[in-house]
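Work through the exercises below with the structure open. Try each task before reading its solution.

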Amino acid sequence: MKRLGFGNQCLFALVLGLVLGHFMPIPALKAVIPFGSAFIKLLQLIIVPLTFSTIVASFSKLESIALVKKLGLNTLIWFMLTAAIASVIGVAVGSLFSPGSGLILDPAIIAKYKPREIPNIADTFLNMLPGNLIHDIAMGRIIPVIIFAIFFGIALTSLHDQGRHVRAFFDEFSHVMFKITRVIIRLSPIGIFALVAPVGHDYGIATLLPLAKFILAIYVACALQLIVYALLVTFVAHKNPITFFRQFWPAMITAFTTSSSLGTMPVTLETLVDRVKIKESVAGFVAPLGATMKMDGCGAIYPAVVCILTANLFNIDLSITQYILIIVTCTIATIGTAGVPGTASIMATVVLLSIGLPLEGLALVIGIDKVVDMMRTMTNVTGSGICALIIDKKATITV
């Protein structure tokens, strides 16, 4: 029998975990769960050193500061453009499916719901800036690490020949981290099985049926966004989309099961370099940045559909201005969504408040967040990979 490829192994582990998890007795489930937790911890282990070394090594391969600016500008443009498309799709699909129509909020759900605290703009900005890096790392803040790595890389690039020894060190260090990453990623099928088995056990038809339209709307919107990505691959990157998705499949499956763009980042980076064959200088810059700023599923599609659901729950007729405001706010929200599980609800809260909708609508969908979070995160990570491919093909950056 033909040996399963790595991507198919991950897919098989996903399906097997969902099916067996549904029928698995509690003792067996408790024995499996630690393997998923261990896989997540291994991914978390390499995030900071891999992020820092690859960004610095990527910048060290660029010939001038002008190329650094060009790479950053191209990345931001494609991030925002695809986010705007995702926001429009979220509003369109939400309006078509009309989730929340005919549903009545359970008072018990409202009583248990506590709105997520929204940090003010000043605190958000300050938390992004590097301060005590050790403290930032301990708090799980990756953006300060990325910013410091960018500063470090720019300074190293400006030194030209003077910095050759430091450049050589980080180039070799990044290759060491890639080697460790590849070893950990080979464990993905085991980790994926262990992560999705509890999902298969916890969510039955009775749990999902009342919110089936909402779940379907999220999945359809994300699927349409994937079709948009395929079109971009075809007409902008001039690559066969089937080939790309087959190459990028391990990162997509890992994102689906971990529900964390940041946790998937090592897999994304390794997949882009080893399987998609994107230049390390481009992948090393776009992938870490995309793990924190490229949130088409969590920051664009999900808040848009939640807004439609909330409006339907409370019989609120949204105006054209409010629809436009949803799209604009969701597009901006994709840049401010951190790549860790749970922050999509914060961004949904931001968008709900921006257009004056009650927060109680979010209470209805918190219970099934894991079910939709898997598809949201896969969309996030795929968008990051698509942007890296386009920038690699179109930016004409000399490395």
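**Exercise 1. Find which residues of α8 meet which residues of α13, and how the two helices cross.**

Step 1. List the contacts, meaning heavy atoms within 4.5 Å. F178, T181, R182 and I185 in α8 meet P266, V267, L269, E270, V273 and D274 in α13.

Step 2. Note what is being read. This is a predicted model, where local features need pLDDT of at least 70 and side-chain atom pairs count only at pLDDT 80 or more, while totals for chains, interfaces and linings use all residues. Residues are numbered from 1 along each chain as its sequence is written, and side-chain values use heavy atoms, with hydrogens and water left out.

Step 3. Compare the axes. They are lines fitted to C-alpha atoms, for helices over the stretch in contact, with angles from 0 to 180 degrees between N-to-C directions. The axis of α8 comes within 10 Å of that of α13 (residues 261-274), and they cross at roughly 105°.

Step 4. Name the arrangement. Angles under 35 degrees count as roughly parallel, over 145 as roughly antiparallel, 65 to 115 as roughly perpendicular and the rest as oblique. So α8 is roughly perpendicular to α13.

**Exercise 2. Describe the overall make-up of the protein chain.**

Step 1. Count the elements. Helices (H or I, at least four residues) and strands (E, at least two) are DSSP runs, numbered from the N terminus. The protein chain has 19 helices and zero strands.

Step 2. Check burial. Buried means under 20% relative accessible area, exposed over 50%, and partly exposed in between (1.4 Å probe, protein chains only). Of the 399 residues in the protein chain, 54% are buried.

Step 3. Check the reach of contacts. Take those between residues at least 6 apart in sequence: 85% join residues at least 24 apart.

**Exercise 3. Which residues touch the most other members of the largest nonpolar core?**

Step 1. Define the core. It is a set of buried Ala, Val, Leu, Ile, Met, Phe, Trp, Tyr and Cys residues joined through side-chain atoms within 4.5 Å.

Step 2. Read off the members. The largest core has 123 residues, and F214, Y302, I326 and V365 touch the most others.

Step 3. Look around F214. Beyond its neighbours within four places in sequence, F214 contacts P99, Y302, V305, V306, L309, V365, I368 and V372.

Step 4. Look at Y302. The charged end of R376 sits over its ring, 4.1 Å from the centre. The rule needs NZ of Lys or CZ of Arg within 6 Å of the ring centre and within 35 degrees of the ring normal.

**Exercise 4. Compare the loop residues S259, K277 and V236: where are they, and is each buried or exposed?**

Step 1. S259 is buried at 4%, and its phi is near 55°, a positive value in a residue other than glycine.

Step 2. V236 is buried at 17%.

Step 3. Not counting residues up to four places away in sequence, V236 touches W78, L231, I390 and K394. V236 and K394 are 158 residues apart in sequence and 7.8 Å apart in space, C-alpha to C-alpha.
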